[in-house]
Amino acid sequence: MSGLKRHQLIDRVENLEGRMCTKHDKPLELFCKTDQTCVCILCPYSDHKMHDLVPLTEGYEGKKVELGKTEAEIQQMIQKRRLKIQKVKHSVNLSEEDADREIAEGVQVFTSLKESAERSQASLIKTIEEKQKITKRKADASVKELEQEISELKKRRTEVEQVLRSEDFLHLLQSVQSLNTNHPPPTKDWTEVSVRPSSYEGTVVKAVVQLEETLSEEMKKLLEAELKRVQQYAVDVTLDPDTAYPDLILSDDGKQVNNGDVRKNLPDNPERFSKCACVLGEQSFSSGRFYFEVQVKGKTDWDLGVARESINRKGSITLSPQTGYWIIWLRNGNEYKALAVPPVLLSLKSPPQKVGVFVDYEEVLVSFYDVDTAALIYSFTGCSFTEKPFPYFNPGLNDGGKNSAPLIISPVRVN
């Protein structure tokens, strides 16, 4: 008996038996299990007819066992809550570590961007100042040459003035001849000579373009780091044959799907799509983060993303977040769209060969990446995950073999 020996129990019962029934003035010797109270021998004939009565000792032992179970249950509940507190605190610690790491990386990135901007600004100022120095040197050289010519012209004018003051006609004629012969005046034509202000058109634009290239490189590094982080949440996804449209061909390992354009005789179970040539993954997720990659190389049409469990699988389907689909697609070999409301036309620098899909359940986020270039293709934010999301695949129509390549769920390799 938990925490109480039998002789202690008997002592307590004996003490209780010494108490008297207030109604019959008799010792309490019985326990009424129906009313959960102690009674005397006369009570069953008045107030406890047809009740479940046992000796007081047995009732006490039963109560002790019952309370022991209650105590154990309470202790178990306390333990569970203590473990939950530990988990919550651990989650907070992990969140703080993530926050500190993100802040440190953010400070590093923005410090680098700031330094790049400052270097570009300094380079711009230096370029403009150098151009201005060159202009000034040219101007100074021209001014110096002009001043020298002015000095020579002044000397010539003085000589002419002296000749003009002479009253000796013969001397004047000889002096004029000498001036014309021995001292010709400067003959440089300054009419077309000018010092044009330096042209700064395009200087700032060029500096901004160079800065953009630097920022682009920094952004590329940032995206590569982000992709590596989300790839840590890679999960093993396989296709669910019970959901597959009858025209689809699934590989035996559940990793590939393409459209065979031939209807197979399959049971029309509730999970199966009846008109949309798509298939869901077998795995679903009700919390946390998950990531998977799909090879789309060689295809002209495809749909990729996630869908909630309760989506309509029969008849025509509208792909949008409101109907439970978070999807991007390719059409006609070069038309990429995110099927938001309204749909968003995506301008990609190059066709992705492998697409990564990342879902953060708590942050209600679905993001798509070009794995080879580490470029972010599109993100759905504010998603309403009221149900478990499943990976969603549509390899598109075969199109006479033009789109026969399969969608392939690829193993995630972190570089």
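Helices here are DSSP runs of H or I with at least four residues, strands are DSSP runs of E with at least two, and both are numbered from the N terminus. We're working with a predicted model, where local features need pLDDT of at least 70, side-chain atom pairs count only at pLDDT 80 or more, and totals for chains, interfaces and linings use all residues. Residues are numbered from 1 along each chain as its sequence is written, and side-chain values use heavy atoms, with hydrogens and water left out.

**Exercise 1. Positive phi values**

Find where Val-364 and Ala-374 lie, and say whether each is buried, partly exposed or exposed.

Step 1: Start with the cut-offs. Buried means under 20% relative accessible area, exposed means over 50%, and partly exposed is in between (1.4 Å probe, protein chains only).

Step 2: Val-364 has 26% relative accessibility, so it counts as partly exposed.

Step 3: Move on to the loop between strand 13 and strand 14 (375-381), which holds Ala-374. Phi is positive in this non-glycine residue too, near 60°. With 5% relative accessibility, Ala-374 counts as buried.

Step 4: Why pick these out? Most residues other than glycine have a negative phi, and most peptide bonds are trans.

**Exercise 2. A cis peptide bond**

Work out which residues the cis peptide bond joins, and where its proline lies.

Step 1: The bond is between Val-341 and Pro-342, with omega about -5°.

Step 2: Pro-342 sits in the loop between strand 10 (335-338) and strand 11 (344-346).

Step 3: While you're there, look at Leu-346 in strand 11. Its relative accessibility is 12%, so Leu-346 is buried. Between Leu-346 and Tyr-336 there are 5.3 Å in space, C-alpha to C-alpha, and the two are ten residues apart in sequence.

**Exercise 3. Salt bridges**

How many salt bridges does a search of the whole structure find? Then follow some of them.

Step 1: The search turns up eight salt bridges.

Step 2: Take Asp-98 and Arg-101, whose side chains meet at 2.9 Å, N to O. Both belong to helix 2 (residues 56-164) and are three residues apart, about one turn of the helix. Asp-98 is partly exposed at 29%, and Arg-101 is partly exposed at 37%.

Step 3: Now try Lys-136 and Asp-140, a salt bridge at 3.1 Å, N to O. They're also in helix 2, four residues apart, about one turn. An α-helix has 3.6 residues a turn, so residues three or four places apart point the same way.

Step 4: Next, Arg-331 pairs with Asp-301, their closest N and O atoms being 3.9 Å apart. Arg-331 lies in strand 9 (residues 325-331) and Asp-301 in the loop between strand 7 (289-295) and strand 8 (302-308), so this pair ties together parts that are 30 residues apart in sequence. Asp-301 is buried, at 18% relative accessibility.

**Exercise 4. Helix 4**

Check the length of helix 4, then see which of its residues are buried.

Step 1: The expected span of a helix is 1.5 Å times one less than its number of residues. For the 29 residues of helix 4 that should come to 42 Å, and the end C-alpha atoms are 42 Å apart, which agrees.

Step 2: Buried residues of helix 4 include Thr-203, Ala-207, Leu-211 and Leu-227.

Step 3: Leu-222 lies in helix 4 as well, but is partly exposed, with a relative accessible area of 32%. Leu-222 and Ala-374 are 152 residues apart in sequence, yet 9.2 Å apart in space, C-alpha to C-alpha.

Conventions:
A salt bridge is a side-chain nitrogen of Lys or Arg within 4 Å of a carboxyl oxygen of Asp or Glu.
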